[in-house]
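Thank you all for coming; I would like to walk through a few local features of one protein, slowly enough that the terms are clear. Please have a look at the sequence and the structure before I go on.

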Amino acid sequence: MASAAIVSSLRRRRSPSLEAFLAPVDLNEVALVRTLITISMDLILSFSDRPWPFQRKNSRSLIRKIEVFLVLLEFLRDSNSALPSAAVLCFKELYLLLYRSKILLDYCVQSSKLWLLLQNQSISGHFHDLNQEISTLLDVFPMKELELSEDIREQLELLQKQVRRGKLFIDKNDEGLRLRLFSFLDDFGSGRIPDPVELQLFFVDRLGIRDAKSCRAEVEFLEEQIYGHEGDVEPNVAVLNGLVALSRYCRFLLFGFEDGEVEMSIGIKKPRKGLITQEVGDTFITVPQDFCCPISWDVMRDPVIISTGQTYDRTSILRWMEEGHCSCPKTGQMLAHPRLVPNRALRNLITQWCTAYGINLDPPDSPDSAVEIFAAALPTRAAIEANKATAALLVQQLADGSQGAKTVAAREIRLLAKTGKENRAYIAEAGAIPHLLRLLSSPNSVAQENSVTAMLNLSIHDKNKSRIMDEEGCLGLIVNVLIFGHTTEARENAAATLFSLSAVHDYKKRIADECGAVEALAGLLRDGTPRGRKDAVTALFNLSTHTDNCARMVEAGAVTALVGALGIEGVAEEAAGALALIVRRPIGAEAVGKEETAVAGLLGMMRCGTPRGKENAVAALLELCRSGGTATTERVLKAPALAGLLQTLLFTGTKRARRKAASLARVFQRCENAPLHFGGLGVGYAFARNSTTNTDASFSSEVSMQMPISVPVL
């Protein structure tokens with residue numbers, strides 16, 4: 001039946017009403033006829049005078065058929081004659097047909113013009129299916145049993161003949177436009193930029209897309225189809241990506257930067273969906289850690305398992321993949337494949353927990369869909385070339401446009417750089433970084449936020465890291481945004497940019513030596529939002545892996561901030577890892593030893609932390625004893641809970657944690673009062689000692705960490 005195909009196409013846009021699937025079983029004959037009249041009149045009034053950009057003949061033909069049924073229904077209402085049972089059954093079927101017609105006509109009205117062109121043949125097929133069902137209905141309709149007037153009977157018989165002869169109609173003009181659209185993709189795919197005059201004629205004159213706002217709506221609609229992909233979309237995701245790139249290019253080539261669009265960029269932000277953890281925070285309920293995504297630290301709406309066996313929220317891991325990463329954010333292992341397997345058991349547990357505590361958990365848009373195909377889809381040559389041409393236009397606006405146009409260009413570069421290493425490479429090669437650099441000090445908060453986030457997205461591409469660091473004054477301006485940024489998001493993204501840049505070992509010392517950088521990261525870790533703290537602690541961890549940064553970290557107050565973070569869920573694990581590296585240097589061990597809550601915080605991590613958190617905590621305590629001197633060692637030794645925690649870790653910890661616990665046990669066994677506190681560690685110590693005999697030579701190899709970058713998009 002046509003309804004299944006129509007609803008399948010529409011379900012990503014909106015949920016049709018229940019009446020589309022159920023006949024009105026509780027209506028008597030009179031009420032049924034009146035209901036059908038109301039629905040028919042609503043359809044005719046809503047769609048008769050609509051300007052149909054496409055599917056004109058099919059749409060108007062369907063409306064004319066509904067008009068014939070309306071004439072019949074009004075006659076039966078006025079005649080007050082009884083209906084035979086066969087007629088009642090036919091009218092119930094008509095009820096369903098009318099709702100299916102409404103769904104299809106709504107779809108043609110609400111969809112973008114480009115999408116209607118792409119679906120031209122499919123939508124024509126839906127109209128033909130409805131025509132066939134109307135034909136079947138009229139074949140079984142008991143006209144002879146009803147006392148109909150001659151003119152109404154003639155209209156029904158004429159309609160019956162027409163629908164019997166009806167064939168699939170595909171408008172040749174619409175089909176020609178569809179083929180012309182694909183020819184522009186072929187041009188880009190062949191390395192040629194389409195003629196601007198031809199693009200103007202097609203988009204403006206033929207499609208009626210006459211301004212930047214309309215073109216932006218077309219791009220957003222196509223992107224929605226990609227993100228709402230459920231495995232049954234045609235054309236495929238790669239082709240849709242190419243069409244998005246083509247439309248985005250035409251938006252700036254044909255319409256430039258209109259005043260209304262500049263005002264929209266400067267004055268209005270789209271509302272951001274709140275985190276579930278923020279809602280939970282208002283209820284003072286502790287969220288089970290296993291329910292939170294390791295990337296976003298929000299409750300997972302749609303948990304999925306990747307090839308390494310780790311579980312993430314679908315949206316977060318897809319964004320990670322879209323940014324060009326091929327590794328597991330938590331373990332660092334390379335992904336064997338991009339497929340995502342729904343973790344239904346965990347999702348059921350999360351749903352039950354949220355229900356029990358009265359927490360609203362929005363269901364995923366497509367829980368078992370093949371959304372991951374979007375992240376895995378390779379860009380076509382057409383998409384690459386179109387995005388390359390768009391990047392050139394945007395960089396030109398950054399260089400020569402008005403202040404408002406530069407703000408819009410920075411926003412678009414930020415979004416274009418969000419996905420695909422090719423895009424990041426082309427944007428940087430086009431010369432965007434020096435122009436974005438100047439916007440970092442802009443008094444306009446939107447311009448600054450977009451430019452620093454664009455810089456963050458560009459920095460994910462390894463070659464761009466050197467471009468950013470080699471640009472004179474760029475590092476200082478990023479740090480300046482971190483310290484004095486106009487918005488919270490700008491400061492957070494500046495911290496994330498420093499983390500991304502510090503992935504290169506040679507840049508870690510330069511970043512740490514930049515005036516105010518470490519101090520600002522420490523301040524963000526103390527006082528920032530959950531996401532800001534996450535950005536700050538991962539950046540500080542990266543900087544702490546360079547041995548020459550230890551004194552700078554101590555001087556800037558990073559040690560105090562990291563110790564304080566040991567008690568903050570979401571950043572404690574990374575904080576313990578950074579401290580484990582800092583205490584390897586005597587100056588670092590001395591600074592940590594002076595922190596009154598350091599030992600208690602590390603012991604708390606050993607007691608209640610994640611497996612990796614426990615590894616980092618015991619490693620930090622071990623290095624603290626090795627480098628902190630006798631007084632510090634005695635202070636750790638006197639902790640009453642340490643013996644039991646070590647005993648537990650020796651038997652239940654990870655391999656690395658057991659090795660560190662065994663080493664710490666040996667340190668205490670050499671102390672004069674070791675038998676008093678650690679007489680029961682012998683078995684565990686022997687077990688852990690035999691587990692491994694080698695130690696890693698790398699400075700940071702003994703610390704287990706996860707360090708994902710999360711790039712928010714407005």
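Predicted model: local features only at pLDDT ≥ 70, side-chain atom pairs only at ≥ 80, totals over all residues.

The helix α3 gives the most to the lining of the second largest pocket, namely 7 residues. Residues are numbered from 1 along each chain as its sequence is written, and side-chain values use heavy atoms, with hydrogens and water left out.

A pocket here is an open set of points on a 1 Å grid over the protein atoms alone, where a 1.4 Å probe fits and protein lies on both sides within 12 Å along at least five of seven lines, and its lining residues have an atom within 4 Å of a point. Helices are DSSP runs (H or I, at least four residues), numbered from the N terminus. The second largest pocket holds about 510 Å³ of space, where the volume is the space filled by probe spheres set on the points, which are joined across faces, edges and corners. The elements that give two or more residues to its lining are α3 (56–79), α6 (120–140) and α7 (150–165). Of the 22 lining residues, S61, K65, N131, Q162 and G166 lie nearest the centre of the pocket.

Let me turn to the loops on either side of α3. Q55 sits in the loop between α2 (29–47) and α3, and N80 lies in the loop between α3 and α4 (85–110). Most residues other than glycine have a negative phi. Q55, although not a glycine, has a positive phi of about 60 degrees, and N80, also not a glycine, has a positive phi of about 55 degrees. Which of the two words, buried or exposed, applies to Q55? Q55 counts as buried because its relative accessibility is 4%, whereas N80, at 68%, counts as exposed; buried means under 20% relative accessible area and exposed over 50%, with a 1.4 Å probe and protein chains only.

Finally, S247 is in helix α11 (residues 237–255), and it counts as buried because its relative accessibility is 1%. A polar atom of the S247 side chain lies 2.8 Å from the backbone oxygen of L243. Leaving aside neighbours within four places in sequence, S247 is in contact (heavy atoms within 4.5 Å) with L114, F203, C215, V219 and L222.

Notes: Polar contact = N/O pair within 3.5 Å; in protein donor to acceptor, adjacent residues only side chain to side chain.
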